[in-house]
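Thanks, everyone. I have one structure to go through today, and I will start with how its chains meet before turning to a single residue.

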Amino acid sequence: MNRTLILGGMLTGLFVLGAVLSFFWTPGDVQAMNIAGRLKPPSADHFLGTDHFGRDILSMIMVGARTSIAVALVAVGIGMGLGVPLGLAAAAWRGGWLDEIISRMNDLIFAFPSLVIAILITAVFGAGAINAIIAIGIFNIPVFARLTRGAALSYWSREFILAARVAGKGRARISVEHILPNVTNLLIVQGTIQFSLGILAEAGLSYVGLGAQPPIPSWGRMLADAQTMVALAPHVAIIPGLAIVLMVLGLNLLGDGLRDHLDPRLRVIRT
Amino acid sequence: MLRYALKRLTSLAVSLLIASVVIFVVVEIAPGDPASFMLGINAQPDTIAALRAELGLDVPKFQRYLDWVGGMLVGDFGTSYTYRTEVSGMIADRLWISLPLAIYALMISTLIAFPAGIIAASRRGRPADIGVMGATQLGVAIPNFWFAMLLVLLFAIKLRWFSAGGFPGWESPAEAIKALTLPAIALALPQAAILARVMRSSLIDILGEDFIRTARAKGLSRRQALWRHGLRNALIPVLTIIGLQFSFLIAGAIIIEQVFFLPGLGRLIFQAITQRDLIVVESVVMLLVFAVIIVNFMVDLAYAAVDPRLRART
């Protein structure tokens, strides 16, 4: 175990724990407004202070973590669920029509400014957590497809695959039984990176009002609400941002640490 | 070289064609009819039909697509539904903010990333390297719009060196550049962090090459070998990333413009979305995609010109 892995795991674990805990208990009520106690700096009653409606910020951060994690996690799930089979198939039938289409599509999607298209999708189909998930998830598909294809190709020329083919296994079965287990480590590491990018993307979308809608708390929305109050109560703007930074930092460290732990030679896609 | 350029040009055209179809389809299947939206819920059906005809919404979808694409090819982006002015004119006005902002940010990002990456690579494993790498970890984790808010808090509200937002126009270039400075820094930071990492790892790879050892063997110091032979070779992956970053800068600019109330393409797109001004949405998104595809195309060509080996590949 290396230090990066432990630090990253602890930071990520902290937020996941906070999100899970928020289902059962939060220090304050995230729906209750208390105008008299609004914009209070951190104190013994409110560990991280209160926002412009007098809601407890710590509670908002905990419930907001739920939104961020859910959106990013499902988006990674969409990317892996569709991207990995596509990548495996493209590698198994290398040079075939599927491989050709997938490679073309990948080039094209990488050429699109992802956030612009995410904004377009959420704007056209309506703002909300579900559409944010789809918008972010779509761009995870080519990342995983490309990564899986590249990694799978390097295994197709190996002896143990040849042995499996001699034993009479078909390409699809070899992909699932022999290739997939070998690329799992790589997928896990890339998954944490996409997870952290998803958190950032969700924050950006909800900041411009296209993510989860009120009354569901989300970190990006908290920042948007805080923007006009920056001068009055800086903590309202600083704390949700710090939450995003720490969560993303934690996931990135976790990803780096996992890579070093599982296989330092792994090459992941970082943009 | 010419054959390679033609081949890339064909795939560029295909990319643009597919992009235009995707954007048109996505915007067309959007719920909500612009005409009934503009006239409100009490409008008579025949009034709506008349407005639909006036806006050209009654022609078949396929015909509208052809008109849209055909118009764009000759610089005609159509007429805005809400403002009844030329979309091309609206875009041109906003472009004078968004484009300088993206270029400004790209400059800042390069100016930070190059020295940081070079220092980290040449002092690998030492405190300077660890410091730079730590800073880049933080840099990629910070959402640029939040960083923008922190900049406003410090430089506009506390120190009062800059204004918190708005744009004075290009009549006085110094004021205009000043107004774009905080947004550009906010936009540049995460990109600088990524670029510095790429610069570092690319240089480290190159410094392990045989030709660097040869350069050292013939008597060059580490520093001389790095500057004369290492840097130029390390630039290839760095250029790719700079090309890719252009798309992030454009997208990032949309959000940063919201933070600083800059009347650029980002604000135009959000206004158009809320007013269901579909023609503006389509055209602005298409323009952004076009810019990104063209920039990446030029980066590819630049490589092929520099490195003949790349021409053989695709």
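A word on terms before the numbers: by contact I mean heavy atoms within 4.5 Å. And a caution: this is a predicted model.

With that cut-off, chain A brings 39 residues to the contact, and chain B brings 41 residues. Interface size is often quoted as the accessible area that is lost when the parts come together. Here chain A and chain B bury about 3,600 Å² between them, and 81% of that is on carbon and sulfur atoms.

Now the polar side of the account. How many salt bridges are there between chain A and chain B? The count is zero. Polar contacts between chain A and chain B come to three residue pairs, with both residues at pLDDT 80 or more.

Which elements supply the chain A side? Those giving two or more residues to the side that touches chain B are α3 (97-111), α4 (114-125), α7 (171-207), α8 (219-226) and α9 (234-262) of chain A. The most comes from α9(A), with 12 residues. By residue class, the side of chain A that touches chain B has 31 nonpolar, five polar and three charged residues.

Last, one residue in chain B. Gln245(B) sits in helix α10, residues 222-260 of chain B. Is Gln245(B) buried or exposed? Gln245(B) has a relative accessible area of 2%, so it is buried. Leaving out residues up to four places away in sequence, Gln245(B) touches Ser109(B), Gln191(B), Ile194(B) and Leu195(B).

That is what I have.

Conventions: Residues are numbered from 1 along each chain as its sequence is written. Chains are lettered from A and ligands numbered from 1 in the order in which they are written. This is a predicted model: local features need pLDDT of at least 70, side-chain atom pairs count only at pLDDT 80 or more; totals for chains, interfaces and linings use all residues. Side-chain values use heavy atoms; hydrogens and water are left out. Buried area is the accessible area (1.4 Å probe) that two parts lose on being put together, summed over both. A salt bridge is a side-chain nitrogen of Lys or Arg within 4 Å of a carboxyl oxygen of Asp or Glu. A polar contact is a pair of N or O atoms within 3.5 Å; within protein, one must be able to donate a hydrogen and the other to accept it, and residues adjacent in sequence count only if both atoms are side-chain atoms. Helices (H or I, at least four residues) and strands (E, at least two) are DSSP runs, numbered from the N terminus. Ala, Val, Leu, Ile, Met, Phe, Trp, Tyr, Cys and Pro count as nonpolar, Asp, Glu, Lys and Arg as charged, and the others, Gly among them, as polar. Buried means under 20% relative accessible area, exposed over 50%, partly exposed in between (1.4 Å probe, protein chains only).
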